[in-house]
Amino acid sequence: MKILVTGGAGFIGSNFIRYWLNKYPNDNIINLDALTYAGNLENLRDLENNKNYKFVKGNICDKDLTNDLVKEADAIINFAAETHVDRSILDAENFIKTNVLGTYNLLEAAKNNGSKRFHHISTDEVFGHLGINDPIFNESTPYAPRSPYSASKAASDHLVRAYYHTYGLPATISNCSNNYGPYMFPEKVIPLFITNLMEGKKVPVYGDGMNVRDWLYVEDHCEAIDIILKKGKIGETYCIGGNSEKPNIEITKKIIELMGKDESSIEYVKDRPGHDRRYAIDFSKIKNELGWEPKVFFEEGLKKTIEWYKNNQTWWKNIKSGDYQKYYEKQYGK
Ligand code: NAD
Ligand code: DAU
């Protein structure tokens, strides 16, 4: 099988490529990534010489390039996106370009090249947010996105569904909760807090720290995508969650404890505008129909993640200093 992975130099995409080539070493993966600030080829350094892996620097909005790459592939998995909510609040333009127009462009390429199998990676944020006593999100929850990021992801999901219904494109969608694990860019809360503490800095907790997220270890997400690609029903959406709802302040205190620091490191800061209060996912559909459920308990995953950041300080220090953006040039020239 030849898979076109988009956004494979980011956090989840790079974990997915590694997962896939370990499990299916005879498959081929083409990784199309624009190497935005979030794309980092150091995430895939160990695969550089794998003959079944090829990197292509390019944008999912580029019609000719995507058409050529889609033509070669048996399946497309679309991870590429602008993903950080705070950045979407500051400036949403790239979110609309990549998440909406980029997805549209890939769908067109898939449709025009013999209706290629298409899996779209989406988020639980498209469902809006929950109050503490609200029933949790499932595949029937109406869309109600509240940030420019989640609105752009919602638009992309609608386009994928429209291509299935209108053109019969063999597509599936997964809406996943918050991931964490190795290679996560240190602007997201867990790696930001771990690396800040290693640098002796404070950790900025937004608002009252009582916003809740449902955490999933990234390898569990990769496994869910694998199962959907292999056994998922065409046209269907699958919700993926970690069964691990935690308020931010609880996670903050746990990271502080595991890293041997104390609570004087906590700094409460101004809240994120429109900050979604709670996300939680009911994953019974994928569990009952496809046999997937998360394997890694939160505390075990968090310990592994902290260990990884301790053992890979050059990786995140290069990001914080900006040096990681020179890696492509060093490897591939300008
Ligand atoms: P990330 O920000 O770490 O990586 C995104 C990757 O996409 C980067 O390598 C970037 O260079 C690439 N990219 C961005 N714009 C591009 C473009 N126009 N063309 C080609 N490549 C481009 O993101 P992530 O956290 O790995 O998320 C991957 C996907 O999973 C996204 O679609 C996101 O919405 C979804 N998701 C993320 C989470 C999470 O907790 N991180 C949870 C649920 C769903
Ligand atoms: O739910 C899935 C989503 O999870 C993905 O679709 C997004 O791409 C991903 O970025 C993530 O979005 P969040 O906004 O939930 O993640 P973030 O790490 O930015 O924030 C997690 C929580 O921590 C949120 O309630 C805001 C809070 N926070 C975040 C940062 C960066 C802080 O308190 N302080 C911080 O410095």
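Ligand 1 is surrounded by 28 residues, the closest being Ile-12, Asp-33, Thr-83, Tyr-149 and Lys-153. A residue counts here if one of its heavy atoms lies within 4 Å of the molecule. The model is predicted: local features need pLDDT of at least 70, side-chain atom pairs count only at pLDDT 80 or more, and totals for chains, interfaces and linings use all residues. Residues are numbered from 1 along each chain as its sequence is written, chains are lettered from A and ligands numbered from 1 in the order in which they are written, and side-chain values use heavy atoms, with hydrogens and water left out.

Start with the shell of ligand 1. By class it has 13 nonpolar, 13 polar and 2 charged residues. Ala, Val, Leu, Ile, Met, Phe, Trp, Tyr, Cys and Pro count as nonpolar, Asp, Glu, Lys and Arg as charged, and the others, Gly among them, as polar. Helix 1, strand 5 (117-123) and helix 5 (148-167) each supply at least two residues. Strand 5 gives the largest share, 3 residues. Helices (H or I, at least four residues) and strands (E, at least two) are DSSP runs, numbered from the N terminus.

Now the polar contacts, meaning pairs of N or O atoms within 3.5 Å. A polar side-chain atom of Asn-59 sits 2.9 Å from a nitrogen atom of ligand 1. A backbone N or O atom of Phe-79 lies 3.0 Å from an oxygen atom of ligand 1. Taken alone, ligand 1 exposes 830 Å², and the protein buries 96% of that. Accessible areas come from the Shrake-Rupley method with a 1.4 Å probe.

Move on to ligand 2. Its shell has 23 residues, with Asp-124, Tyr-149, Asn-178, Arg-272 and His-275 closest. A polar side-chain atom of Tyr-149 lies 2.6 Å from an oxygen atom of ligand 2. A polar backbone atom of Val-189 is 2.8 Å from an oxygen atom of ligand 2. Taken alone, ligand 2 exposes 690 Å², of which the protein buries 95%. Helix 6 (189-198) and strand 8 (203-206) each supply at least two shell residues. By class, this shell has 9 nonpolar, 8 polar and 6 charged residues.

How values were computed: A polar contact is a pair of N or O atoms within 3.5 Å; within protein, one must be able to donate a hydrogen and the other to accept it, and residues adjacent in sequence count only if both atoms are side-chain atoms.
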